[in-house]
Amino acid sequence: MEIRHPMHPGHGKVLDTEGLRREFLVQNLFVPGSLKMVYSHIDRIVICGIMPFNESLELKTDRGVFGVDYFLERRELGVINVGGPGTIRIDGTDYSLDCKDGLYAGMGSREISFSSRDSADPAKFYCLSGTAHKRYDTQAVPRGKARELHLGSDENCNRRVIRQLIHPAVLPSCQLVMGYTELAKGNVWNTMPAHTHERRMEVYFYFELDPDQAVFHLMGEPRETRHILVRNEEAVISPSWSIHSGVGTGNYTFIWGMVGENQTFDDMDGASMDDMA
Ligand SMILES: O=C[C@H](O)[C@@H](O)CC(=O)C(=O)O
Ligand SMILES: [Zn+2]
(Lines give C-alpha, C1' and ligand atoms only; values in the text may rest on other atoms or scores of the structure.)
(Ligands and ions follow the chains in the order given, each with its own letter.)
Protein backbone atom coordinates (compact mmCIF):
# COMPACT_ATOMS: atom_id res chain seq x y z
CA MET A 1 0.00 0.00 0.00
CA GLU A 2 1.12 3.48 -0.81
CA ILE A 3 0.77 6.31 1.73
CA ARG A 4 0.33 9.98 0.75
CA HIS A 5 0.60 12.92 3.13
CA PRO A 6 -1.35 16.17 3.36
CA MET A 7 0.18 19.39 2.10
CA HIS A 8 0.14 23.06 3.07
CA PRO A 9 -1.04 25.23 0.15
CA GLY A 10 2.20 27.24 0.45
CA HIS A 11 4.14 24.08 -0.36
CA GLY A 12 1.84 23.31 -3.28
CA LYS A 13 2.93 26.60 -4.89
CA VAL A 14 6.59 25.66 -5.15
CA LEU A 15 6.25 22.17 -6.61
CA ASP A 16 7.36 21.48 -10.15
CA THR A 17 5.60 19.09 -12.56
CA GLU A 18 7.22 16.03 -11.08
CA GLY A 19 6.44 17.13 -7.52
CA LEU A 20 2.77 17.78 -8.29
CA ARG A 21 2.47 14.40 -10.01
CA ARG A 22 4.19 12.55 -7.14
CA GLU A 23 1.95 14.12 -4.48
CA PHE A 24 -1.44 14.30 -6.18
CA LEU A 25 -1.62 11.97 -9.20
CA VAL A 26 -2.56 8.31 -8.71
CA GLN A 27 -1.59 5.97 -11.56
CA ASN A 28 -1.70 2.24 -12.30
CA LEU A 29 -4.81 1.54 -10.25
CA PHE A 30 -5.89 -1.31 -12.51
CA VAL A 31 -3.46 -4.18 -12.90
CA PRO A 32 -4.99 -7.56 -13.92
CA GLY A 33 -5.28 -9.83 -10.90
CA SER A 34 -4.36 -7.05 -8.43
CA LEU A 35 -5.80 -4.87 -5.73
CA LYS A 36 -4.04 -1.48 -5.49
CA MET A 37 -4.49 0.75 -2.49
CA VAL A 38 -3.45 4.34 -1.82
CA TYR A 39 -3.97 5.72 1.68
CA SER A 40 -4.12 9.52 1.80
CA HIS A 41 -3.85 11.25 5.15
CA ILE A 42 -6.12 13.97 3.78
CA ASP A 43 -9.26 13.02 5.72
CA ARG A 44 -7.88 9.43 5.76
CA ILE A 45 -9.43 8.59 2.42
CA VAL A 46 -8.43 5.29 0.84
CA ILE A 47 -8.41 5.02 -2.97
CA CYS A 48 -8.50 1.51 -4.34
CA GLY A 49 -8.40 -0.10 -7.79
CA ILE A 50 -9.41 -3.75 -7.95
CA MET A 51 -9.16 -5.77 -11.16
CA PRO A 52 -9.97 -9.44 -10.54
CA PHE A 53 -8.89 -11.77 -13.30
CA ASN A 54 -9.23 -15.54 -12.95
CA GLU A 55 -9.60 -15.55 -9.18
CA SER A 56 -11.52 -13.37 -6.78
CA LEU A 57 -9.65 -10.72 -4.79
CA GLU A 58 -10.30 -10.08 -1.14
CA LEU A 59 -10.27 -6.61 0.44
CA LYS A 60 -8.08 -7.12 3.48
CA THR A 61 -6.86 -4.70 6.09
CA ASP A 62 -3.22 -3.99 6.81
CA ARG A 63 -3.17 -4.31 10.58
CA GLY A 64 0.15 -2.49 10.88
CA VAL A 65 -1.29 0.57 9.15
CA PHE A 66 -4.96 0.64 10.13
CA GLY A 67 -4.72 -1.10 13.50
CA VAL A 68 -7.97 -3.05 13.11
CA ASP A 69 -8.92 -6.65 12.39
CA TYR A 70 -10.80 -6.08 9.14
CA PHE A 71 -10.93 -3.25 6.62
CA LEU A 72 -14.45 -1.96 7.32
CA GLU A 73 -14.24 -2.34 11.09
CA ARG A 74 -14.35 1.48 11.39
CA ARG A 75 -14.80 2.48 7.76
CA GLU A 76 -17.35 2.62 4.95
CA LEU A 77 -16.80 1.87 1.27
CA GLY A 78 -18.11 3.14 -2.05
CA VAL A 79 -17.51 1.18 -5.27
CA ILE A 80 -18.17 1.96 -8.93
CA ASN A 81 -17.38 -0.62 -11.60
CA VAL A 82 -15.67 0.87 -14.66
CA GLY A 83 -14.94 -2.44 -16.42
CA GLY A 84 -16.80 -5.58 -17.50
CA PRO A 85 -19.50 -7.24 -15.38
CA GLY A 86 -18.43 -8.34 -11.92
CA THR A 87 -19.58 -9.51 -8.53
CA ILE A 88 -18.88 -8.27 -5.03
CA ARG A 89 -19.48 -10.79 -2.24
CA ILE A 90 -20.07 -9.21 1.16
CA ASP A 91 -20.49 -11.55 4.13
CA GLY A 92 -22.00 -14.22 1.87
CA THR A 93 -24.32 -12.00 -0.20
CA ASP A 94 -23.52 -11.45 -3.89
CA TYR A 95 -24.04 -8.10 -5.60
CA SER A 96 -23.71 -7.95 -9.40
CA LEU A 97 -22.33 -4.78 -10.90
CA ASP A 98 -22.30 -3.95 -14.59
CA CYS A 99 -20.21 -1.10 -15.88
CA LYS A 100 -21.09 2.15 -14.10
CA ASP A 101 -23.13 0.44 -11.39
CA GLY A 102 -22.18 1.21 -7.80
CA LEU A 103 -22.33 -0.25 -4.31
CA TYR A 104 -22.20 1.10 -0.78
CA ALA A 105 -20.80 -1.17 1.95
CA GLY A 106 -21.45 -0.12 5.54
CA MET A 107 -19.15 -0.21 8.52
CA GLY A 108 -18.92 -3.69 10.05
CA SER A 109 -18.95 -5.61 6.74
CA ARG A 110 -16.29 -8.25 7.31
CA GLU A 111 -15.62 -10.40 4.28
CA ILE A 112 -15.52 -8.56 1.00
CA SER A 113 -14.32 -10.14 -2.23
CA PHE A 114 -14.41 -9.05 -5.84
CA SER A 115 -14.60 -11.18 -8.98
CA SER A 116 -14.99 -10.75 -12.74
CA ARG A 117 -17.71 -12.62 -14.59
CA ASP A 118 -15.52 -13.09 -17.67
CA SER A 119 -11.73 -12.81 -17.61
CA ALA A 120 -11.86 -11.76 -21.29
CA ASP A 121 -13.67 -8.61 -20.11
CA PRO A 122 -12.55 -8.12 -16.50
CA ALA A 123 -14.36 -5.91 -14.03
CA LYS A 124 -12.54 -2.85 -12.70
CA PHE A 125 -13.78 -1.78 -9.30
CA TYR A 126 -12.86 1.78 -8.35
CA CYS A 127 -13.33 2.26 -4.60
CA LEU A 128 -13.17 5.06 -2.07
CA SER A 129 -13.29 4.49 1.67
CA GLY A 130 -13.66 6.99 4.49
CA THR A 131 -13.75 6.58 8.25
CA ALA A 132 -17.17 5.82 9.72
CA HIS A 133 -18.88 6.10 13.10
CA LYS A 134 -22.08 4.17 12.40
CA ARG A 135 -23.26 1.28 10.27
CA TYR A 136 -25.58 2.06 7.38
CA ASP A 137 -27.05 -0.70 5.22
CA THR A 138 -24.95 -2.21 2.49
CA GLN A 139 -26.71 -1.88 -0.84
CA ALA A 140 -26.13 -2.01 -4.56
CA VAL A 141 -26.69 1.29 -6.34
CA PRO A 142 -27.38 0.49 -9.98
CA ARG A 143 -26.76 3.32 -12.39
CA GLY A 144 -30.52 3.90 -12.76
CA LYS A 145 -30.92 4.61 -9.04
CA ALA A 146 -28.61 7.62 -9.15
CA ARG A 147 -29.87 11.15 -8.76
CA GLU A 148 -29.17 13.15 -11.92
CA LEU A 149 -28.12 16.77 -12.36
CA HIS A 150 -27.80 18.36 -15.80
CA LEU A 151 -25.18 21.10 -16.01
CA GLY A 152 -23.36 23.22 -18.59
CA SER A 153 -24.02 23.95 -22.25
CA ASP A 154 -22.69 22.98 -25.68
CA GLU A 155 -21.82 26.62 -26.17
CA ASN A 156 -19.37 26.48 -23.25
CA CYS A 157 -18.14 22.96 -24.17
CA ASN A 158 -19.20 21.71 -20.72
CA ARG A 159 -22.61 20.05 -21.12
CA ARG A 160 -22.62 17.12 -18.73
CA VAL A 161 -24.74 14.87 -16.50
CA ILE A 162 -23.79 14.37 -12.85
CA ARG A 163 -24.97 11.05 -11.42
CA GLN A 164 -24.98 10.96 -7.63
CA LEU A 165 -24.85 7.32 -6.50
CA ILE A 166 -23.82 7.74 -2.88
CA HIS A 167 -25.57 10.88 -1.70
CA PRO A 168 -28.06 11.59 1.13
CA ALA A 169 -30.92 11.77 -1.43
CA VAL A 170 -30.17 8.18 -2.53
CA LEU A 171 -28.90 6.38 0.56
CA PRO A 172 -27.43 7.28 3.95
CA SER A 173 -23.68 7.16 4.55
CA CYS A 174 -21.40 8.59 7.25
CA GLN A 175 -19.12 10.84 5.20
CA LEU A 176 -18.76 9.52 1.70
CA VAL A 177 -20.49 11.21 -1.24
CA MET A 178 -19.67 9.66 -4.61
CA GLY A 179 -20.81 9.49 -8.21
CA TYR A 180 -19.70 10.27 -11.72
CA THR A 181 -20.01 12.93 -14.36
CA GLU A 182 -20.51 12.09 -18.03
CA LEU A 183 -19.63 14.72 -20.60
CA ALA A 184 -21.94 14.93 -23.60
CA LYS A 185 -20.33 14.19 -26.95
CA GLY A 186 -18.14 17.04 -28.17
CA ASN A 187 -17.89 18.56 -24.67
CA VAL A 188 -14.54 18.66 -22.89
CA TRP A 189 -14.67 20.95 -19.82
CA ASN A 190 -15.58 19.77 -16.34
CA THR A 191 -16.29 21.78 -13.22
CA MET A 192 -15.73 25.20 -14.79
CA PRO A 193 -16.50 27.72 -13.26
CA ALA A 194 -14.33 25.99 -10.65
CA HIS A 195 -14.76 25.78 -6.90
CA THR A 196 -13.19 24.68 -3.67
CA HIS A 197 -14.91 23.42 -0.50
CA GLU A 198 -12.98 24.12 2.68
CA ARG A 199 -15.06 21.46 4.45
CA ARG A 200 -14.42 18.53 2.11
CA MET A 201 -11.57 17.00 0.16
CA GLU A 202 -12.24 15.36 -3.19
CA VAL A 203 -10.75 12.78 -5.54
CA TYR A 204 -11.36 12.70 -9.31
CA PHE A 205 -10.81 9.52 -11.32
CA TYR A 206 -10.91 9.93 -15.10
CA PHE A 207 -12.05 7.08 -17.37
CA GLU A 208 -13.63 6.46 -20.79
CA LEU A 209 -10.85 8.65 -22.17
CA ASP A 210 -9.28 7.48 -25.42
CA PRO A 211 -5.69 6.25 -24.75
CA ASP A 212 -4.38 8.77 -27.30
CA GLN A 213 -6.02 11.67 -25.47
CA ALA A 214 -5.36 13.45 -22.18
CA VAL A 215 -7.10 15.65 -19.63
CA PHE A 216 -5.36 18.76 -18.34
CA HIS A 217 -6.61 18.56 -14.76
CA LEU A 218 -6.52 21.95 -13.05
CA MET A 219 -5.60 22.22 -9.39
CA GLY A 220 -4.15 24.68 -6.89
CA GLU A 221 -5.54 27.59 -4.95
CA PRO A 222 -7.82 29.67 -7.19
CA ARG A 223 -5.13 32.35 -7.63
CA GLU A 224 -2.28 29.82 -8.03
CA THR A 225 -3.60 27.40 -10.63
CA ARG A 226 -1.48 24.49 -11.83
CA HIS A 227 -2.19 21.55 -14.07
CA ILE A 228 -1.52 17.85 -14.07
CA LEU A 229 -1.71 15.95 -17.35
CA VAL A 230 -3.91 12.93 -16.70
CA ARG A 231 -4.37 9.81 -18.83
CA ASN A 232 -7.20 7.29 -18.89
CA GLU A 233 -7.94 5.60 -15.54
CA GLU A 234 -5.80 7.91 -13.42
CA ALA A 235 -6.93 9.83 -10.34
CA VAL A 236 -6.03 13.16 -8.75
CA ILE A 237 -6.25 13.91 -5.03
CA SER A 238 -7.59 17.38 -4.27
CA PRO A 239 -6.92 18.98 -0.86
CA SER A 240 -9.68 21.28 0.37
CA TRP A 241 -7.70 24.38 -0.72
CA SER A 242 -7.48 23.20 -4.33
CA ILE A 243 -9.78 23.67 -7.28
CA HIS A 244 -10.51 20.48 -9.24
CA SER A 245 -11.50 21.00 -12.83
CA GLY A 246 -10.23 19.86 -16.17
CA VAL A 247 -10.29 20.09 -19.91
CA GLY A 248 -9.82 17.09 -22.18
CA THR A 249 -8.44 16.75 -25.68
CA GLY A 250 -11.36 14.34 -26.11
CA ASN A 251 -14.48 13.11 -24.39
CA TYR A 252 -14.28 11.40 -20.97
CA THR A 253 -16.18 10.51 -17.81
CA PHE A 254 -14.94 10.92 -14.25
CA ILE A 255 -15.82 9.58 -10.84
CA TRP A 256 -15.76 12.16 -8.06
CA GLY A 257 -15.87 11.35 -4.39
CA MET A 258 -15.70 13.46 -1.27
CA VAL A 259 -15.27 13.07 2.48
CA GLY A 260 -15.15 15.70 5.20
CA GLU A 261 -17.36 17.68 7.51
CA ASN A 262 -20.70 17.55 5.74
CA GLN A 263 -22.48 15.98 2.77
CA THR A 264 -23.97 19.15 1.30
CA PHE A 265 -23.01 18.68 -2.32
CA ASP A 266 -24.04 22.18 -3.42
CA ASP A 267 -22.29 24.33 -0.82
CA MET A 268 -19.16 24.87 -2.91
CA ASP A 269 -17.11 28.06 -2.60
CA GLY A 270 -17.32 29.24 -6.21
CA ALA A 271 -14.26 30.70 -7.94
CA SER A 272 -15.31 33.08 -10.68
CA MET A 273 -12.96 34.01 -13.53
CA ASP A 274 -12.10 37.19 -11.57
CA ASP A 275 -11.04 35.04 -8.59
CA MET A 276 -8.64 32.93 -10.65
CA ALA A 277 -5.10 33.46 -11.78
O1 LIG B 1 -18.00 19.14 -5.44
C2 LIG B 1 -18.49 18.55 -6.45
C3 LIG B 1 -17.58 17.98 -7.41
O4 LIG B 1 -16.44 18.74 -7.63
C5 LIG B 1 -18.13 17.42 -8.71
O6 LIG B 1 -19.25 16.66 -8.50
C7 LIG B 1 -18.38 18.46 -9.78
C8 LIG B 1 -18.66 17.81 -11.09
O9 LIG B 1 -18.70 16.61 -11.20
C10 LIG B 1 -18.86 18.65 -12.27
O11 LIG B 1 -19.04 19.88 -12.11
O12 LIG B 1 -18.87 18.10 -13.37
ZN1 LIG C 1 -15.81 19.75 -5.70
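Isoleucine 162 sits in strand β14, which covers residues 160–166. Strands here are DSSP runs of E with at least two residues, numbered from the N terminus. Before going on, this is a predicted model, in which local features need pLDDT of at least 70, side-chain atom pairs count only at pLDDT 80 or more, and totals for chains, interfaces and linings use all residues. Residues are numbered from 1 along each chain as its sequence is written, while chains are lettered from A and ligands numbered from 1 in the order in which they are written.

Back to isoleucine 162. Is it buried or exposed? Isoleucine 162 counts as buried because it has 20 C-beta neighbours inside 10 Å; the cut-offs are 20 or more other C-beta atoms within 10 Å for buried, 12 or fewer for exposed, and partly exposed in between, with C-beta atoms placed from the backbone. Setting aside neighbours within four places in sequence, its contacts are Glu148, Leu149, Leu151, Gly179 and Thr181. Contact means C-beta atoms, placed from the backbone, within 7 Å.

Now the ligand. Isoleucine 162 is one of the residues around ligand 1, and others include Leu151, Thr181, His197 and Trp256. The criterion is a C-beta atom, placed from the backbone, within 6 Å of the molecule.

Last, a sheet. Which strands form it, and in what order? Four strands make an open, antiparallel sheet in the order β16-β22-β19-β20. At the edges are β16 (189–190) and β20 (226–230), each pairing on one side only. Pairing requires at least two bridges found by DSSP between two strands. Strand β19, residues 215–219, pairs with β20 over five bridges. There, phenylalanine 216 has leucine 229 of β20 as its bridge partner.

Technical notes
Two residues are in contact if their C-beta atoms, placed from the backbone, lie within 7 Å.
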